[in-house]
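Have the sequence and the structure open as you read.

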Amino acid sequence: MSFMILADKIIRLRKQCGWSQEELAAKMDISRQSVSKWESASSIPDLNKIIMLAKIFDVTTDFLLKDDIEVPDPLHEGTELGSIQITLEQASKYVESKIEASALTTKGVVLCVCSVVPLFFFLAMAETNRLNLTDDLAPAIGVVCILIMVSVGVSFFIRTNQYENDIAQIEKEKFELAYGVHSVFTEKLQQFRGTYNRWLSVSIFMFIFSFVPLMFTSIVFDGADITHMMLIVLLLMISVGIYILAPVTARYDAYNNILIDRCLDTEGSRRTKRAEKLAAFYWPLLTAIYLGWSLWTMNWGVTWIVWPVGAVLFAALVGLMELTTKDTTQV
């Protein structure tokens with residue numbers, strides 16, 4: 001074994017992972033000087049350290065020890081023929097694209113959910129004879145605002161297409177990870193898991209607590225204007241919960257999609273894509289139903305019930321899709 005070739009491989013693997021000598025030393029619980037000596041070929045790691053290096057870099061010990069192996073073999077084998085190799089840069093680009101696409105989808109969903117906020121506001125103003133709004137003018141202005149906000153929301157859904165190519169490499173093709181990529185994203189996932197759990201808890205609290213102001217005011221106060229304002233609070237709290245949850249979920253799912261056995265079209269990615277496709281047409285459709293019912297009956301104080309019922313129905317539809325998919329797979 002050539003000490004210089006081993007040193008070159010350690011340097012190449014470390015830089016491929018984007019680590020400094022200090023970072024690699026910390027992962028191996030050794031001094032930076034030891035790593036520096038390995039990379040300058042003034043000393044060589046013992047067998048235990050070589051095994052640890054192979055595990056950290058996600059390569060075989062043969063690659064590190066044998067001079068004639070220039071292309072590393074991943075420790076995790078079993079990928080199918082015809083799969084592409086994903087480098088660290090490609091994996092990082094996938095995560096960025098996944099987050100940016102999720103941000104656009106989130107904006108579209110939030111706009112659709114909040115599209116009725118101006119309507120409720122104008123109806124409340126009309127009930128209290130403020131802003132010189134009549135009972136006929138308030139719904140008209142509100143409907144115009146709904147159409148504008150839904151149109152902008154749909155445009156956000158359409159703009160997610162620009163990230164399809166970057167996302168497709170991980171979610172639609174068979175792939176294997178280049179050396180070092182698995183260890184990098186395993187560490188990223190471990191570091192991010194606490195943040196994900198924290199924001200998931202906050203968003204769930206927002207969803208559950210959003211109905212409390214409406215229920216409280218409906219019991220204590222009597223007035224359509226108060227009901228309309230509390231509906232605004234409900235929708236804004238739901239929107240905040242969505243806005244908090246979406247980016248951390250997108251990042252968490254992206255890390256898992258990269259790491260899960262490098263398989264094609266994992267169950268997690270399929271579930272996420274089904275939910276995204278359902279949301280893209282469900283919320284605009286729900287808005288259309290709400291508008292049609294409200295304009296037909298002109299009973300805006302009752303038709304608002306579409307939104308909490310629609311939110312529960314959306315969760316039920318996602319669950320039904322999963323059950324149907326599982327049944328089809330088992331058959």
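A residue is called buried if its relative accessible area is under 20%, exposed if over 50%, and partly exposed in between, using a 1.4 Å probe and protein chains only. Please keep in mind that this is a predicted model: local features need pLDDT of at least 70, side-chain atom pairs count only at pLDDT 80 or more, and totals for chains, interfaces and linings use all residues. Residues are numbered from 1 along each chain as its sequence is written, and side-chain values use heavy atoms, with hydrogens and water left out.

Rings of Phe, Tyr and Trp (its six-membered ring) pair if their centres lie within 6.5 Å; planes under 30 degrees apart count as stacked, over 60 as edge-to-face and the rest as tilted. By this rule there are 5 aromatic pairs. Because F192 belongs to helix α10 (residues 181-209) and Y255 to helix α12 (residues 224-259), the pair ties together parts 63 residues apart in sequence; helices here are DSSP runs of H or I, at least four residues, numbered from the N terminus. F192 is buried at 12% relative accessibility.

How are the rings of Y196 and Y252 arranged? Their centres are 4.0 Å apart and their planes at 5°, so this pair is stacked. Y196 sits in helix α10 and Y252 in helix α12, 56 residues apart. Y196 is buried, at 14% relative accessible area, and Y252 is buried too, at 16%.

Finally, F185, F192 and Y255 make up one aromatic cluster.

Terms used: Helix = DSSP H or I, 4+ residues; strand = E, 2+ residues; numbered from the N terminus.
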